[in-house]
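Visitor: I have a model open and want to learn how to read it. Please take me through it feature by feature.

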Amino acid sequence: MHWPEPGQRQRIVEIRDNLIARIAEAEHEGWLGEVAGLRISLAGANDKLAQIDRRSDNDSVNLGVPNTQRPKTSQTHHNP
């Protein structure tokens, strides 16, 4: 899967905001086909932003607490 680059987040926000404005204009003008297409593009932009945000939230990895105790070794003695 190709993830959007986090550095592109601001550009995608600008695209999303532009799409919202274009949808409002198309609704005002009664361009229903245009509205439908723009809403699909808006959904894609919102999805890309959500992917960036999810990925940014999950960048850290919890490695847990290191175990500083030595492992117990079993010593078995065999009597000949």
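Visitor: In which helix is Q51 found?

Guide: Q51 is found in helix α2. Helices (H or I, at least four residues) and strands (E, at least two) are DSSP runs, numbered from the N terminus. This is a predicted model, where local features need pLDDT of at least 70, side-chain atom pairs count only at pLDDT 80 or more, and totals for chains, interfaces and linings use all residues. Residues are numbered from 1 along each chain as its sequence is written, and side-chain values use heavy atoms, with hydrogens and water left out.

Visitor: Does Q51 count as buried or exposed?

Guide: Buried means under 20% relative accessible area, exposed over 50%, and partly exposed in between (1.4 Å probe, protein chains only). Q51 has 10% relative accessibility, so Q51 counts as buried.

Visitor: Which residues does Q51 touch, not counting those up to four places away in sequence?

Guide: Contact means heavy atoms within 4.5 Å. With residues up to four places away in sequence left out, Q51 touches H2, W3 and P4.

Visitor: How many helices and strands are there in the protein chain?

Guide: The protein chain has 2 helices and 0 strands. Of its 80 residues, 16% are buried. Take the contacts with a separation of 6 or more: 56% of them join residues 24 or more positions apart.

Visitor: Which residues make up the largest nonpolar core?

Guide: The general idea comes first. In soluble globular proteins, nonpolar side chains tend to be buried together. A nonpolar core is a set of buried Ala, Val, Leu, Ile, Met, Phe, Trp, Tyr and Cys residues joined through side-chain atoms within 4.5 Å. Here the largest one has 11 residues: I12, V13, L19, I23, A26, V35, L38, L42, A45, L49 and I52. The elements giving two or more residues to this core are α1 and α2. α2 gives the most, with 6 residues.

Visitor: Which residues of α1 are buried?

Guide: In α1, I12, V13, L19, I23 and A26 are buried. They cover an arc of only 150 degrees around the axis, so they sit on the same side of α1. The arc is that of the directions from the helix axis to the C-beta atoms.

Visitor: What span should α1 have?

Guide: The expected span of a helix is 1.5 Å times one less than its number of residues. For the 21 residues of α1 that gives 30 Å, and the end C-alpha atoms are 30 Å apart, which agrees. G30 follows α1, and its phi is positive, near 80 degrees.

Visitor: How many salt bridges does the count come to?

Guide: Side chains of opposite charge can pair when their charged atoms come close. The rule asks for a side-chain nitrogen of Lys or Arg within 4 Å of a carboxyl oxygen of Asp or Glu. The count comes to 5 salt bridges. One of them joins R39 and E27, at 2.4 Å from N to O. R39 lies in helix α2 (residues 32-57) and E27 in helix α1, so this pair ties together parts 12 residues apart in sequence. R39 is partly exposed at 46%, and E27 is partly exposed at 42%.

Visitor: Where do E14 and R11 lie?

Guide: Both lie in helix α1 (residues 9-29), 3 residues apart, which means about one helical turn separates them. E14 is partly exposed at 40% relative accessibility, and R11 is partly exposed at 47%.
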